[in-house]
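Q: I'd like to learn how to read the packing in a structure like this one. Could you walk me through it, feature by feature?

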Amino acid sequence: MDCVYFYDHLVIFRKIDYIELKLKKEVQGYDLGSQASENTLNLVSQLLTEALKDRVSLVCPIRVCIKGKKDLHGLGLKYIGQLTHAILTKGPPSNTPAGNEFRQFWGKKSELRRVDGDLCECVVWNGNSNVCMQIVNFILEEKLHLSSNVNVSKPWYHILPNRLDPFISLHRRNRKVNLVAASPLRLIRAMDKLRALLRGLNDKLPLNITGILPLSSAFRDTSVFPPILSFPMANQSHHGIKKSYFQTVKWLLRKACFPVFPLYVIIHLEQSGRWPNDLDAFRHMKRLLVIRMHELLSPKGIPSHVTVDNMLDIFLQGLVFRIVISQSKELNLIQKLSNSEIKTYNKNKTLSETGDGSSLSIEINSEAACWIRLNQSLPTLAGTLSGVSRTYAHVFPMACRLAKRWLSAQGYPVILCPYEAELDGLHNSSDFFPQSEQCSSALSTWWLKDFNTSTNDGRMTEVAVELLVLYASKLCDSVDSESKEANLTSIGSPVAAFLRFLDLLATYDWENAPLLVDLNEGFSVDINKRQLALDLFNRTPRCNLPALIICTPLDTTGTEWTEVGPSRGGLSDLKLLASQSRDLLRAMLVSNAPINDLLVIFRPVFSKTDIVLNVKANIVNIRQSESLHGALKKTQLAVPETNNDSDVPMEFPDPGARYWPQRYCYDPLNWFVKLLRLRLGRFFEIRWDRHGGNWIALRWRPHFIQTINSKDRVTLVQSIFNSDLLDGLTQHANGGQLTDLVCSKPSDLPLVYNDCSLVNLLSVWAKKFIDLPINYNNLTNGINISKKRKHNISEENTTKCMKNKKKKKLKE
């Protein structure tokens, strides 16, 4: 295996000859022999093994291969775990032979510290930078004197596990905007307070709450960015809180404009035989229970909202929790209704008209599958992944965040789990896109019921991404379906785990073999379950299975989290992107490229894109803290400047039942993309970056464009971009009513188009909605454009058009 993928920390020497000469002068009486390079590295590795004996499991000389050039010499470190990053190196007691030897080895770095009542020799390191890097630099500089000249750069450099952390860190580009991200400790304490709050309602509820489980990825620290805290400023005068705290909070949260999204939590109710036997009546009763909980929380001063999906949003400690009520009888009623509808349908239709009724059965039972996924499968899998995240907190969460950030940067943001979270940004966006209730319901129906792989292209669920990272980093007993052997070589570096994720995505034979992820040794203990997963894959026709098959002991079919995406075409694109990003990232890490050059890994590729829509700045600024666009300085990435969670009190008084955070579920870009996919999804593949992206890319679907002759392409494009299909797509109006096209103002639209060659093809947008020019690649290939048309879309006429618009605005 490549050493860059295997080791957690690499120390690479620029010139091994210089190191050899230095060692000959410093280490007297030591003969390097004929193999000077190997002996030099062995000598350095022995010293580092002694210095890092409680932190690393392996220090080994390596050779880093570079294509077309001479190999680089270096050392590879294999971390033990979280103990690797301890800032204290504890030595033996003082005034002992072992203590004197420890002090002689560390020199001036050694100091006396009282540990567990004993006076010991210790070394304290800086907690703001990598501890192993400090130890290696100390040995090479102080013990071997390899870098005595201050003006000359060190003859070695490091590849650290936190090399890519700036790309998944919140930053602020405007010093007037201040954000506070929730730490894992705050999420745990808020979850504990929520459990106590809900269990305290048992005396006044008809059924007791027996279990409360978190679902969202933020609770296991694998969401791309942590949730942002939101607090009302009215709490400044509340008694019981120090005034200095309120002054700090007022400054920290001043003009914070980041959107607030709910964190999903599921609660289980005790069994009861008094539930109605009708599904509609059951859901009405469940909604009454949610309303009752809302009524009980209001006198306590805790804000809460009842959603249209029988869920309850609770604002607590700066976070919004969305409560999902689970009762097993609902599944029985859904299955019972499905069976009765299938029997009635088969009785009314002949066999020739309906076939075997399998399609209808699949369509009706999809609701039952959604219920099982939300209420049974996701809580169990989320609990397992949370255990992995806490055990390997130094690598697994960061690697998952890097993988999800890379997918979003390439235009394939992960599908949030639960799937209902995908609709969070579609509500409360009426300030930009007022739509009727019919449009919102159509989006919900399209997403939750008619959701298939053809609309997702290269998008994967975030659970599938986490399972891939878990397999690639070898943090679980991953079983190879062919060799039937377990590879237990785990990874302790998020960068190495991310490289392995890209390599797995690019090289694995997804078409001919399922991926077996052994969670909690389920496949190792139960061999029959593993064989069942392989038999299900071999018996089922490959065309009936999704592109990705990820089998776990909890899902032997391997399709529960991959059936919604990616498609086969999307997976092919992802494999190509992963292969290119893997090779480029490895080469840049080995060459010690600066951080602003590494940004190219997270930049999209538009070579196969037909239309690129540039999002206006006021839309991008809503999530500007997640965006990397414009955050680069000349030499380095802007330092993350979000405020520490420790600057804010751990608990706040309840703000009152009428309070609700601003910009709740406010994501106009997500709303607009969903509308585009609803209107143009059957013609285009639509890509965008959820985390502060300033672009939306459209590409013709291959199966659609191949059936169109070049003569009919102009007619086709004009029929697609017509008023019936695009009316109301980007309108701005008051009162939530759709307005006429003439009333819309270009300044209120969320997009800026860059290209003047496509204007006449966009029959409606050309006059009312486009700010010239527009970007395009090959949309007009095969179209004969007349000289008159070319003259009409020239740059001269474009500038005249823009000047006339400015004059009209000034007159108004």
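Q: Let's take two helices: at what angle do α15 and α16 pack?
A: This is a predicted model, and in it helix α15 (residues 462-472) packs on α16 at about 105 degrees, the two axes being 9 Å apart. Angles from 65 to 115 degrees count as roughly perpendicular, so that is how α15 and α16 lie to each other.

Q: Which residues in α15 and α16 meet?
A: From α15 come Val-465, Leu-468, Val-469, Tyr-471 and Ala-472, and they meet Arg-500, Phe-501, Leu-504 and Leu-505 of α16. Sorted by class, this contact has eight nonpolar residues, one charged and no polar.

Q: And how do I read a nonpolar core?
A: The general idea is that nonpolar side chains tend to be buried together in soluble globular proteins. Here the largest nonpolar core has 89 residues, and Trp-406 and Phe-501 have the most contacts inside it. Helix α16 (residues 494-507) gives the largest share of this core, 10 residues.

Q: What is Phe-501 in contact with, leaving aside its neighbours within four places in sequence?
A: Its contacts are Ala-403, Trp-406, Val-465, Leu-468, Val-469 and Ala-472. Another core, of 44 residues, lies apart from the largest one; Ile-212, Ala-218, Leu-229 and Leu-331 are among its residues.

Q: Now strands. Is β9 largely enclosed or left open?
A: Strand β9 (residues 263-269) has six of its seven residues buried, so the rest of the structure largely encloses it. With β8 (residues 209-214) it pairs in the antiparallel sense over five bridges, and Ile-209 stands opposite Leu-269. With β12 (residues 319-326), β9 runs parallel, joined by six bridges; there Ile-267 has Ile-325 as its bridge partner.

Q: What is the strand order in the open sheet of four strands?
A: The order is β2-β3-β1-β7, and the pairing is antiparallel. The edges are β2 (56-64) and β7 (156-159), each with a single partner strand, so one side of each has no neighbour in the sheet. From one strand to the next, the twist averages 20 degrees.

Q: How many bridges join β1 to β7, and what packs on the sheet?
A: Four bridges join β1 (residues 9-13) to β7, and the two run antiparallel; Ile-12 has Tyr-157 as its bridge partner in β7. Helix α5 (residues 131-143) packs on the sheet, touching β1, β2, β3 (72-79) and β7, and its direction makes about 165 degrees with that of β7. Helix α19 (residues 568-590) also packs on the sheet and touches β1, β2, β3 and β7, with about 145 degrees between its direction and that of β7.

Terms used
Residues numbered from 1 in each chain as written. Predicted model: local features only at pLDDT ≥ 70, side-chain atom pairs only at ≥ 80, totals over all residues. Heavy atoms only, no water. Pairing = 2+ DSSP bridges. Axes fitted to C-alpha atoms, helices over the stretch in contact; angles between N-to-C directions. Contact = heavy atoms within 4.5 Å. Core = buried A, V, L, I, M, F, W, Y, C linked by side-chain atoms within 4.5 Å. Buried < 20%, exposed > 50% of the residue type's maximum accessible area, 1.4 Å probe, protein only. Parallel < 35°, antiparallel > 145°, perpendicular 65-115°, else oblique. Nonpolar A, V, L, I, M, F, W, Y, C, P; charged D, E, K, R; others polar.
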